[in-house]
Amino acid sequence: MDAFLGFARRHPNWTALVLGALAALGFPPLQLWPVALAAMGAFALLVADSPTRKAAFLRGWLFGVAHFTITDNWIATAFTYQAEMPAVLGWAAVPLLSLYLAVFPAIAVTLAWSLVPRRPAVAFALALGAAWVLAEWLRSWVFTGYAWGPFSLALMGIWDRPGLGLLLPFTGTYALSGIAVALCAMLGIWVQGRRWLPLGIASVALVVGMFLPAGKAAQGLLPLTLVQPNLRQEEIDDPTKFESQFQNIARLSLPERPLSRRLVLWPESGVPDYLRDGYPQRYYDQMTAAGDPAFARQRIGAVIGEGSLLLTGVTDLIIGEVDGRRRAVGAYNTITPIDAQGNLGKRYAKAHLVPYGEYLPLRDFLEPLGASRLVAGSIDFLPGPGAATVDLGEHGKAGMQICYEIVFSGEVADRADRPDYIFNPSNDGWFGSWGPPQHLGQARMRAAEEGLPVLRATTTGISAVIDARGVVREHIGRNVAGRIDTVVPPAAAPTPFARLGHWLTLLWGIALAGASLVAMRRRGG
């Protein structure tokens with residue numbers, strides 16, 4: 001430890017960069033959580049040793065730059081699936097985004113450094129935890145928010161075990177991140193002080209918690225068929241592939257035996273057809289099904305069969321008149337129920353849209369400068385009203401979150417009308433190899449903190465059935481076509497987080513800050 005501190009004092013900025021990169025290795029797909037926790041502990045010591053507030057901010061910012069560059073490297077892959085800009089720009093976009101995201105850990109460490117003037121060890125660790133809670137909460141909503149990769153994701157462990165996600169019902173994601181950061185700081189302090197007994201006890205408790213068995217799966221009652229069609233991203237918008245894509249997903253969806261009821265789940269982008277009436281004919285002609293939305297609906301109903309209800313991602317156009325011609329002026333990214341007779345149910349429209357992916361921010365200003373969306377299409381998607389529960393009768397009450405929405409803690413379920421499960425269709429085909437397992441990990445966090453099963457159907461994987469404890473009970477890996485036939489896991493009783501939302505986050509932040517103040521006073525700080 002003395003050697004580390006000596007090197008860090010000579011090269012603090014390089015040390016912060018290295019520790020930020022190491023902390024990212026605790027996230028999926030690598031899941032080297034001991035490395036991440038050790039790196040965070042060493043980083044806390046580095047910040048506490050900062051000679052000035054400016055130095056603390058810089059060390060926090062450099063840590064964040066490296067951390068988010070590694071965590072979000074999958075974003076670069078998205079640039080290979082669009083034609084508007086060179087794919088090589090993706091490798092510049094990731095560190096550029098990280099320059100902004102790094103401001104939040106920098107704010108956290110600067111706040112902790114400022115609030116604990118002489119930085120007595122325990123007080124600083126607790127203050128850093130409280131500030132980290134605030135920083136992650138801010139990151140989730142400032143400039144529409146980017147909540148991807150909370151530090152607590154490193155505590156979820158392997159898929160078929162709950163890990164320290166067992167604490168999420170009582171803390172929520174951002175508070176658990178703050179608690180983890182405070183604990184990491186304490187581990188670093190104990191190593192520095194050679195206090196082996198508390199270090200050993202805490203380390204054993206961490207290992208036991210991370211590897212606790214999941215136990216037997218609770219049995220639900222609603223039969224489920226979840227389909228992953230393996231729609232390759234480079235082919236998903238190719239009209240010559242639409243019919244073969246439909247035949248593939250239809251084949252995977254046929255009932256294996258007669259059932260009185262069955263829920264069928266297809267991913268986002270699972271249906272190439274426009275299913276609603278009233279669009280100009282030229283839009284239907286661009287798709288399959290002989291240019292007839294009624295025929296498209298009826299053949300989907302025939303595929304799923306009697307007693308089945310399909311939930312799938314569908315694009316719904318908004319038609320207006322421009323220069324005397326009816327044309328699409330916007331769109332909704334929706335989940336639409338379809339029954340065996342081809343009838344459409346109440347749709348859910350995605351509320352938390354992806355900037356530059358589903359809409360171009362400040363379009364009137366940026367478009368003349370050459371900016372565009374990174375995915376096909378020139379019109380913007382419009383946001384829906386937010387988390388909603390759709391009553392599907394005998395198929396249960398469904399909460400719905402499309403793709404990226406599932407990463408936003410506290411925003412995935414209607415607290416006034418609690419659903420039985422959350423359906424999360426997604427197109428992860430442009431997320432590279434790191435994005436899908438991270439996306440799945442964050443879906444697990446939503447399941448655990450809300451006490452609700454999450455059902456993920458994706459185009460290329462990873463599709464999964466996640467129970468109300470955040471345990472993956474069944475899954476389909478990446479880049480394979482397949483189906484899961486099972487039952488929807490039962491919901492748990494509403495968790496403290498499900499009842500209180502981010503008021504619980506606030507309480508934890510206050511508790512950590514208050515404990516820091518008590519520790520300072522005891523040390524005369």
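**Close-up views of a predicted model**

**View 1. N479 in a loop between two strands.** N479 lies in the loop that joins β11 (472–476) and β12 (482–487). The model shown here is predicted. Phi of N479 is near 65°. That is a positive value, and the residue is not a glycine. Most residues other than glycine have a negative phi. The relative accessible area of N479 is 34%, so the residue counts as partly exposed. The class runs between the buried limit, under 20%, and the exposed limit, over 50%.

**View 2. The cis peptide bond from G461 to I462.** Here the peptide bond from G461 to I462 is cis. Its omega is near 15°. Most peptide bonds are trans. I462 sits in a loop. The loop runs between β9 (454–458) and β10 (463–466).

**View 3. The cis peptide bond from P28 to P29.** Two prolines, P28 and P29, are linked by a cis peptide bond. Omega is near 5° for this bond. P29 belongs to the loop between α2 (12–24) and α3 (33–48).

**View 4. Q31, with a positive phi.** Q31 is placed in the loop between α2 and α3. P29 is also placed in the loop between these helices. Phi of Q31 is near 55°. The value is positive, in a residue other than glycine. Q31 counts as partly exposed because its relative accessibility is 23%.

**View 5. A nonpolar patch on the surface.** Five side chains make up this patch: V18, L22, L30, L32 and V35. Together they have about 360 Å² of accessible area. V35 is in helix α3. Its relative accessible area is 33%, so V35 is partly exposed. Patch members need over 30% relative accessible area.

**View 6. A205 in helix α11.** A205 is part of helix α11, which spans residues 196–210. Is A205 buried, partly exposed or exposed? A205 counts as partly exposed, because its relative accessibility is 47%. The exposed class starts over 50%. How far apart are A205 and V354 in space? The two are 39 Å apart, C-alpha to C-alpha. In sequence, 149 residues separate A205 and V354.

How values were computed:
Residues numbered from 1 in each chain as written. Predicted model: local features only at pLDDT ≥ 70, side-chain atom pairs only at ≥ 80, totals over all residues. Heavy atoms only, no water. Helix = DSSP H or I, 4+ residues; strand = E, 2+ residues; numbered from the N terminus. Buried < 20%, exposed > 50% of the residue type's maximum accessible area, 1.4 Å probe, protein only. Patch = residues over 30% accessible without salt bridge, like charges linked within 9 Å, V, L, I, M, F, W, Y side chains within 5 Å. Areas by Shrake-Rupley, 256 points an atom, 1.4 Å probe, with all protein chains shown as cover. Salt bridge = Lys/Arg side-chain N within 4 Å of Asp/Glu carboxyl O.
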